[in-house]
Amino acid sequence: MADLIVNGGKPLSGTLTPSGNKNSALPILCATLLTDDPVTLRNVPAITDVEKLVEFFTAQGSQITWDRTSGEMTLAHATFDPDRLQGTLPNGMRSSVLLFPPLLHRLGRLAIPGNAEGCSLGIRELDPHLEILTTLGAQIESNGTVTMELPGRFRGARHWPDYMSVTATENFVMAAALAEGTSTLLNAASEPHVQDLCATLAQMGARIEGIGTSKLTIHGVDRLHGGTFTIASDIHEIVTFLALGAITGGEVRVRESLPHHFDLIGRAFRKLGVTIDHDGDTAIVRPGQTLRVESPFTSNLLPKIEAAPWPYFPVDLLPCMIALAVRADGPMHFWNKVYEGGFTWMPELAKFGAHVVVSDPHRIIVFGSKPLRATTVDAPYIIRAAVALYMVAASIPGRSIVKNADTIKRAHPRFVENLRTFGAEVEWR
Ligand SMILES: CC(=O)N[C@H]1[C@@H](OP(=O)(O)OP(=O)(O)OC[C@H]2O[C@@H](n3ccc(=O)[nH]c3=O)[C@H](O)[C@@H]2O)O[C@H](CO)[C@@H](O)[C@@H]1O
Ligand SMILES: C=C(OP(=O)(O)O)C(=O)O
């Protein structure tokens with residue numbers, strides 16, 4: 001495990017070109033297995049989750065070249081050899097579940113241990129994935145090991161799951177793209193990365209209607225083809241760097257900042273006193289903004305930022321807003337409607353001197369603007385919680401240590417190198 005050593009208290013200023021979104025790159029990489037044609041991907045982030053998938057594909061015989069500096073990767077799975085698969089999928093990452101449809105499509109059979117690993121935000125359920133695969137024609141058995149069998153092709157069907165799950169929606173789309181007949185998913189997730197996967201599959205020849213909405217209709221086709229596709233910017237990295245500018249009082253510009261996804265995110269910043277300007281596709285946080293919780297017009301109302309499946313504010317961005325709230329004048333209520341483990345790291349914030357009341361596993365109130373001190377904190381296995389602990393450390397003069405922060409490397413390549421170009425004093429140890 002690696003620790004971040006931080007000498008904080010300086011304004012961080014600079015311009016960032018964000019890397020590719022992990023949550024777009026991983027399903028798209030899995031989707032490349034749906035064709036034998038070569039696929040070239042641009043802007044692939046050099047992150048540990050991608051490294052694990054590439055290692056997995058290579059171990060099964062796929063041909064992959066990856067220029068980590070330019071971000072261009074070419075994959076050819078014509079030589080993918082099912083007999084080499086020993087039943088172990090990449091571990092420590094939720095996205096392994098995204099291999100189920102393409103592997104079933106190629107192998108017809110798959111056996112996995114009964115639990116899906118992911119970060120420690122909460123229990124990462126397998127059931128919605130297995131329900132989808134069953135609905136689309138797979139047969140599932142479980143006795144500790146889960147065995148999936150697909151006789152022939154996936155078969156088109158209608159499905160309405162309990163909730164909008166990102167990876168389960170992605171699995172539905174991948175399976176239905178090559179199914180016999182038409183499939184419909186209601187209560188579909190529509191996060192930017194779900195849209196990215198659908199758009200890439202459409203470019204590969206899939207017939208998908210309703211991209212970006214909660215109802216997806218997919219007309220199955222016989223084959224998908226290769227091509228050249230670009231992974232979109234990482235909305236999490238965009239927000240992180242803007243928030244870093246705001247919390248340290250610096251001026252930050254982020255290029256390729258996906259302004260069309262920004263309305264509600266910009267509103268969350270405004271609730272904490274931060275204005276994000278847009279100049280074309282560059283997002284800008286200007287220096288010298290006062291972090292202050294915006295007063296609602298309604299009297300006696302506790303201001304609130306609530307996170308839920310898109311188009312709500314994204315749960316993965318809550319930690320950045322919590323870090324800002326720690327520094328903002330006034331109380332802010334946060335509501336994570338998705339994960340029961342999203343606030344387990346609040347005791348680490350308290351070590352800096354932050355005042356946070358955990359109301360229940362899904363809700364906290366941050367009483368900001370308390371005097372803070374540099375200190376040592378422990379990051380949980382939650383990417384943006386580690387980022388948020390760094391943000392608070394960066395805002396406090398003196399030496400802090402964020403221990404076990406290397407979960408950040410799962411999503412953000414060159415995190416420390418980028419921070420240094422912004423004037424940060426920070427290093428891995
Ligand atoms: C690789 C990838 O893309 N990972 C993302 C994906 O994970 P993932 O696809 O695993 O997340 P899901 O959308 O399935 O939600 C995670 C868990 O939250 C609970 N749940 C979710 C929604 C809901 O309305 N009710 C409910 O109870 C379920 O227990 C579920 O298992 O989406 C999450 C939610 O945006 C993000 O944090 C992850 O970064
Ligand atoms: C929760 C996350 O990722 P994963 O689902 O891959 O664990 C995340 O990116 O914050």
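The model is predicted, so local features need pLDDT of at least 70 and side-chain atom pairs count only at pLDDT 80 or more, whereas totals for chains, interfaces and linings use all residues. Residues are numbered from 1 along each chain as its sequence is written, while chains are lettered from A and ligands numbered from 1 in the order in which they are written.

**Overall fold**

- The protein has 12 helices and 23 strands, where helices (H or I, at least four residues) and strands (E, at least two) are DSSP runs numbered from the N terminus.
- With a radius of gyration of 22 Å, close to the 22 Å given by the globule rule for 429 residues, the protein is as compact as a globular protein of that length; the radius is taken over C-alpha atoms, and the rule is 2.2 Å times the number of residues to the power 0.38.
- The C-alpha trace spans about 65 × 45 × 45 Å along its principal axes.
- Among contacts between residues at least 6 apart in sequence, 72% join residues at least 24 apart, two residues being in contact if their C-beta atoms, placed from the backbone, lie within 7 Å.

**Domains**

- The protein is divided into domain 1 (4–19 + 233–428) and domain 2 (22–230), with bounds that come from an automatic or database domain assignment.
- The C-alpha centres of domain 1 and domain 2 lie 31 Å apart, and 23 residues of domain 1 are in contact with 15 residues of domain 2.

**Ligand 1**

- Of the 22 residues around ligand 1, Asn 23, Tyr 163, Ser 165, Val 166 and Thr 167 come nearest; a residue is near a molecule or strand if its C-beta atom, placed from the backbone, lies within 6 Å of it.
- Helix H1 (22–31) and helix H5 (166–177) are the elements that give two or more residues to this shell, and H5 gives the most, with three residues.

**Helix H1 and burial**

- Buried residues make up 48% of the 429 residues; a residue is buried if 20 or more other C-beta atoms lie within 10 Å of its own, exposed if 12 or fewer, and partly exposed in between, with C-beta atoms placed from the backbone.
- H1 is mostly covered, with 10 of its 10 residues buried, including Lys 22 and Asn 23.
- The cover over the buried residues of H1 includes strand S3 (39–42), helix H2 (48–59), helix H3 (100–107), H5, helix H6 (192–203) and strand S13 (227–230).
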